[in-house]
Amino acid sequence: MKLKILAIVALGAIGIGAAFVAVGGLPAKTASTTQYLTSAAATGDVTNDVAATGSIATTVSFGLAFGSPPHLAGASASGGSGGSTTWRVTQVGAKVGDTVKKDAVLAVADTTELQRQLDAATAAWKVAKIQLLIAQDTRDSASGTKAIRQAKIGLYNAQTQVSNSAHARQELQAQIAAATLKAPIDGIVTAVDIVAGLDAPSGDAMVVDSGEIQVTADVVESDLASMALGQTASVTIGAVDATLAGTVAAIAPTASNSSTNGSVVSYAVTVAFKDAPRTIRPGMTADITITTDRATAVLTVPAAALRGTTGSYAVLVMGDDGQPVATPVQVGLVTNTTAEIRSGLSVGQEVVTGVNTPQTGSATTGGGGFGGGFGGGIPGVGGGGNRRGTGN
């Protein structure tokens, strides 16, 4: 019986001790000590970037058809090979993938029939000019109202005939010139739809793309206000492991047709770049990073060190006693990762960016404000889902 009583007393003592520990009844020296995560204020750069993914395309593409001037690819050719003229191809001087210079001869079609028509048109034009001289003489020598009127009619008819025959002759000369396809720009041949010895089909015989390429990507509406023409951009093409420098060349005034997600509206933004490697091809996927704001050679701290709200920021500076002290600061450019400090700190001062909880071994970054402790994000610092901030 005594053993049972002793066992009950022992268990009770253990329970009371556990409860005492749970409510913090141990001596202070045995309690866990807060560990602060810190970072030194340093001179560096702060950049605010907008990131998006798009597709590589040429800046311009021309279609070439026999019998018509060069036109934008995809648009209808005026007076092209779809007309009544049959274009028998006699020479093809380029193939898909060839790099060509402006005015280089790419293909030639037979002009024998056109030349015959031109000879006839030239003869008709010469006859019309002679008839005009005769009509002028008749008008000059006519007397009497009736004779003068008849002479004027003859003169006007002769003038019309000269004009019509000259126009017909000029059209044939243009057709003969258009039987030779020349490169309208420095570029690359991307399509050839003709074979020497056969008639050219209806439509474009060749397509020449500009050697300059660009990338167009959809940027969400929340990032659009910070963007402007001429901003610098970085273009990364993973397929060829290349990163190129570019600039914003165009910003669409209306929302993209691909903005189908109910709450997300995006706009097409075009970034142009030069001197692209030959390995880059239209249609490849490219990641663009557009720098919308930049502060260089400034005092910086991690954005996680900021406390407070816009216009009233502070940081926790580690004191000599190892305890953090609230210090007001004036900030400049602030991104999701880095903040520019304009006053209130000096290079090398350690600021608190979070705390490490020894009981769990986990780290918590700052941002909750002085009253709320650490955790909860960076107050007053936001940005769209595609926005990036960097500090160097």
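Which residues of the largest nonpolar core touch the most other members? Before the answer, a note on the model: it is predicted, so that local features need pLDDT of at least 70 and side-chain atom pairs count only at pLDDT 80 or more, while totals for chains, interfaces and linings use all residues. Residues are numbered from 1 along each chain as its sequence is written, and side-chain values use heavy atoms, with hydrogens and water left out.

The core in question has 25 residues, and those that touch the most other members are Phe66, Trp87, Leu106, Ile194, Met206 and Val208. A nonpolar core here is a set of buried Ala, Val, Leu, Ile, Met, Phe, Trp, Tyr and Cys residues joined through side-chain atoms within 4.5 Å, where buried means under 20% relative accessible area, with a 1.4 Å probe and protein chains only. Two or more residues each come from strand 3, strand 7 (105-109), helix 2, helix 3 and strand 10 (206-210); helices (H or I, at least four residues) and strands (E, at least two) are DSSP runs numbered from the N terminus. Apart from this core lies another, of 23 residues, including Ala217 and Ile290.

Two of these core residues, Phe66 and Trp87, also make up the 1 aromatic pair in the structure. Their rings are stacked, at 6.0 Å centre to centre and with 20 degrees between the planes (rings of Phe, Tyr and Trp, the last by its six-membered ring, pair if their centres lie within 6.5 Å, and planes under 30 degrees apart count as stacked). Because Phe66 lies in the loop between strand 3 (61-64) and strand 4 (71-72) and Trp87 in the loop between strand 4 and strand 5, the pair ties together parts that are 21 residues apart in sequence.

Ala94, in the loop between strand 5 (89-92) and strand 6 (99-100), counts as buried because its relative accessibility is 8%. Leaving aside neighbours within four places in sequence, Ala94 is in contact (heavy atoms within 4.5 Å) with Leu106, Val189, Val192 and Met206.

Helix 3 (residues 145-177) has 33 residues and reaches 48 Å from its first C-alpha to its last, close to the 48 Å expected at 1.5 Å a residue, a span taken as 1.5 Å times one less than the number of residues. Its buried residues include Ala151, Leu155, Ala158 and Val162, and what covers the buried residues of this helix includes helix 2 (112-141) and strand 8 (180-182).

Note on methods:
Buried < 20%, exposed > 50% of the residue type's maximum accessible area, 1.4 Å probe, protein only. Phe/Tyr/Trp six-rings, centres within 6.5 Å; stacked < 30°, edge-to-face > 60°.
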